[in-house]
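Please read them with the coordinates open.

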Amino acid sequence: MERRSILAAIGSLPLALLARRVAAALPKNMADVRAVQAGWRDLLAPGTQVPEARDKLSLPEAEWKKRLAPDQFKVLRREGTERAYTSPLDKEKREGVFACAGCGLPLFTSAMKYDSGTGWPSFFTTIPGAMGTKSDSSFFMKRTEYHCIRCAGHQGHVFDDGPPPTGLRYCNNGVALTFIPKG
């Protein structure tokens, strides 16, 4: 029995260290969250041009179908959901910015991302002014859906089971995002 306990402790050590490393990276208070939000442009490579939220993008369905891959169209324009654990962006660890795959508007940064263990890229806050929300009562439950404020592309749902200090988990479809690395 002792040997099993020791092996179990050793086996869980990397997870415990990872959890501490992730927790150490999260903001400690709302002032830190506001600083992360305000500094989002610092995570863009010098000279990177991105659209502004005020520059709305509205296209006919046929044009969206031309611009987007079928899985992106299903999520962004039809409010679909990709399968969990299928997006490489769930494991993306580099510094940079996550933008809407439909229009390129920056929505999140790598400093806002955390591993929720759900299989989708998850964030504890957003870039201010980047998202709109609406009530979603599909699947017999009440949720808050969020979408890109520029092109109205569906991104995912926000839940109140995220890490402190915000307590929020923006659960995003990876196919609805593109990643712009800092370097």
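1. Strands, as the word is used below, are DSSP runs of E at least two residues long, and they are numbered from the N terminus. The model is a predicted one, and its chain holds four helices and nine strands, with the elements running α-α-α-α-β-β-β-β-β-β-β-β-β from the N terminus on.

2. Among contacts between residues at least 6 apart in sequence, 59% join residues at least 24 apart.

3. One of the sheets is open and has three strands, in the order β2-β1-β9, with antiparallel pairing. Strands β2 and β9 stand at its edges with a single partner strand each, so one side of each lacks a neighbour in the sheet. From one strand to the next, the twist averages 30°.

4. Strands β1 and β2 form a hairpin with five residues between them, and in the turn glycine 104 has a positive phi of about 85°. A positive phi is found also at glutamate 79, which follows helix α4 and has a value near 60°.

5. Helix α4 covers residues 70–78, and its buried residues are Gln72, Phe73, Val75 and Leu76. Which elements do the buried residues of α4 pack against? They pack against helix α3 (61–67) and against strands β1 and β7.

6. An open sheet of six strands has the order β3-β4-β8-β7-β6-β5, again with antiparallel pairing. Its edges are formed by β3 (113–114) and β5 (131–136), each of which has a single partner strand, so that one side of each is left without a neighbour in the sheet. Strand β4 (residues 122–123) pairs with strand β8 (residues 169–172) in the antiparallel sense over two bridges, and serine 122 stands opposite cysteine 171 in β8.

7. Is glutamine 155 buried or exposed? This residue, which is found in strand β7 (residues 154–159), has a relative accessibility of 0%, and because the cut-off for buried is under 20%, glutamine 155 counts as buried. Its side chain makes a polar contact of 2.9 Å with the side chain of asparagine 172.

8. The surroundings of glutamine 155 can be followed in its contacts, leaving out residues up to four places away in sequence. Among the residues that glutamine 155 touches are Leu76, Cys100, Leu107 and Leu177, together with Cys148, Cys171, Asn172 and Asn173. Of these, Leu76 is among the buried residues of helix α4, and the buried residues of that helix pack against β7, the strand in which glutamine 155 is found.

Definitions and conventions. Residues are numbered from 1 along each chain as its sequence is written. This is a predicted model: local features need pLDDT of at least 70, side-chain atom pairs count only at pLDDT 80 or more; totals for chains, interfaces and linings use all residues. Side-chain values use heavy atoms; hydrogens and water are left out. Two strands pair if DSSP finds at least two bridges between them. Axes are lines fitted to C-alpha atoms, for helices over the stretch in contact, and angles run from 0 to 180 degrees between N-to-C directions. Buried means under 20% relative accessible area, exposed over 50%, partly exposed in between (1.4 Å probe, protein chains only). A polar contact is a pair of N or O atoms within 3.5 Å; within protein, one must be able to donate a hydrogen and the other to accept it, and residues adjacent in sequence count only if both atoms are side-chain atoms. Contact means heavy atoms within 4.5 Å.
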